[in-house]
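Have a look at the sequence and the fold before reading on.

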Amino acid sequence: MLGFLQALQGSGTATEQLPGDIYTEFFADILLAARENGCKPEAPEKTQGFNMLRTFDTENSNQLEPPAPTDEDVWIFGYGSLVWKADFPYIDRRRGFVGGFKRRFYQHSIDHRGIPERPGRVVTLLPGEPDQDRVYGVAYRIAASQKGAVLDHLDYREKNGYERCSLEFHEYTSATAGEPIQVIMYVATQANDSYAGDVWQVPCIAKQIFSSAGPSGPNREYLFNLATAMEQLFPGALDEHLEELVACVRRYIAEDEPQLLQQALLHEIAAILKDEQLAGQAQRLEELLERCQQPGGREWLLHKALQPKREA
């Protein structure tokens, strides 16, 4: 980087042209990679949803030797990331729904799909019409001998505002027959500190998802994984809120992301070049390059580009 800057200085390149030259030489490929990562859909056979559907009925447990079922077992219902990311032992799983609720991206995420200064959005449940609204997801049977450890794990995983509650779960393939199953699930109530509600409505919620990432990965990945799982596991089930968010985020990715990333990078490069020492410029540019290539680097740039410009 230092050698490149020295060559630029020796060539007599105009000051206003320097950010563009540095961007083209070192950062343009990052934008291309970010665009492909955000826009290019994976082959259907590689998606989480497809894999779940293909193996759902044949691989009921994720344990080689699952404990035998007992009357002391509990069922956990997942309607968000638990649908595709069950990172705990279970001895059975079933597709189905809970009635009388709506799934909404009304909860801030500061520990999984966002960070405190740039929260993401994840799902919670809101009361709906008892005879009309359904939330589809997966119920997992937890062996009595393992439920203590599993519930402790989930209490920690869902610590950012979620509380346990109990509801009746109906199997997807037997909606009109069979006894419902009593399940435990985690719901973020409106009283918790991270509750966001419907502030800004779908376009702005989508923009928050589009520009957020956290320790568990990009917020958009959470959204797309959930949409894929719903489409594959529950064909024909309608979730307008989820579908609108997916369409809106994909539109931002296709139409806005390349320009916003370039804008943010040019701004960062120009700010670094205000340092009069070439060695300092080179070091800071290398740090910027490394940060952009780290997980969450794309979303960090997008968030900066989307901030309102302050007047001088």
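Leaving out neighbours within four places in sequence, Phe105 is in contact with Arg121, Val122, Val123, Ile205, Ile209, Tyr222, Leu223, Leu226, His241, Leu242 and Leu245. Contact here means heavy atoms within 4.5 Å. This is a predicted model, so a few ground rules apply: local features need pLDDT of at least 70, side-chain atom pairs count only at pLDDT 80 or more, and totals for chains, interfaces and linings use all residues. Residues are numbered from 1 along each chain as its sequence is written, and side-chain values use heavy atoms, with hydrogens and water left out.

**The core**

Phe105 turns up again in the largest nonpolar core, which has 87 residues; along with Phe27 and Leu223, Phe105 touches the most other members. A nonpolar core is a set of buried Ala, Val, Leu, Ile, Met, Phe, Trp, Tyr and Cys residues joined through side-chain atoms within 4.5 Å. Buried is under 20% relative accessible area, exposed is over 50%, and partly exposed is in between, using a 1.4 Å probe and protein chains only.

Which helix gives the most to this core? That's α6 (residues 219-233), with 8 residues. Helices (H or I, at least four residues) and strands (E, at least two) are DSSP runs, numbered from the N terminus.

Helix α6 is mostly covered, with 11 of its 15 residues buried. Those are Asn219, Arg220, Tyr222, Leu223, Phe224, Asn225, Leu226, Ala227, Ala229, Met230 and Leu233. The end C-alpha atoms of α6 are 21 Å apart, in agreement with the 21 Å that 15 residues should span at 1.5 Å a residue. The expected span is 1.5 Å times one less than the number of residues.

Is Arg220 buried or exposed? Its relative accessible area is 3%, so Arg220 counts as buried. A polar atom of the Arg220 side chain lies 2.9 Å from the backbone oxygen of Phe210.

Helix α7 (residues 240-255) has 16 residues and reaches 22 Å from first C-alpha to last, close to the 22 Å expected. Its buried residues include His241, Leu242 and Leu245, and these three are also among the contacts of Phe105.

Gly120 is found in strand β4 (residues 120-127), and at 0% relative accessible area it is buried. Gly120 and Asn219 are 99 residues apart along the chain, yet their C-alpha atoms are separated by 6.0 Å. Not counting residues up to four places away in sequence, Gly120 touches Gln107, His108, Ser109, Arg113, Gly114, Gln208, Ser212 and Asn219.

His108 is in strand β3 (residues 101-109) and counts as buried at 18% relative accessibility.

**Rings**

The structure holds 13 aromatic pairs. Rings of Phe, Tyr and Trp (its six-membered ring) pair if their centres lie within 6.5 Å; planes under 30 degrees apart are stacked, over 60 edge-to-face, and the rest tilted. Phe4 and Phe26 make an edge-to-face pair, because their ring centres are 5.1 Å apart and their planes are at 90°. This pair links distant parts of the chain, from helix α1 (residues 2-11) to helix α2 (residues 18-39), 22 residues apart. Phe4 is partly exposed at 23%, and Phe26 is partly exposed at 24%.

Elsewhere, ring pairs join Phe97, Tyr136, Tyr172 and Phe234 into a cluster.

| Arginine | Ring | Distance from ring centre |
|---|---|---|
| Arg134 | Phe97 | 4.0 Å |
| Arg291 | Trp300 | 3.8 Å |

**The whole chain**

The protein has 10 helices and 9 strands, and 48% of its 312 residues count as buried. Among contacts between residues at least 6 apart in sequence, 78% join residues at least 24 apart.

Key. A charge sits over a ring if NZ of Lys or CZ of Arg is within 6 Å of the ring centre and within 35 degrees of the ring normal. A polar contact is a pair of N or O atoms within 3.5 Å; within protein, one must be able to donate a hydrogen and the other to accept it, and residues adjacent in sequence count only if both atoms are side-chain atoms.
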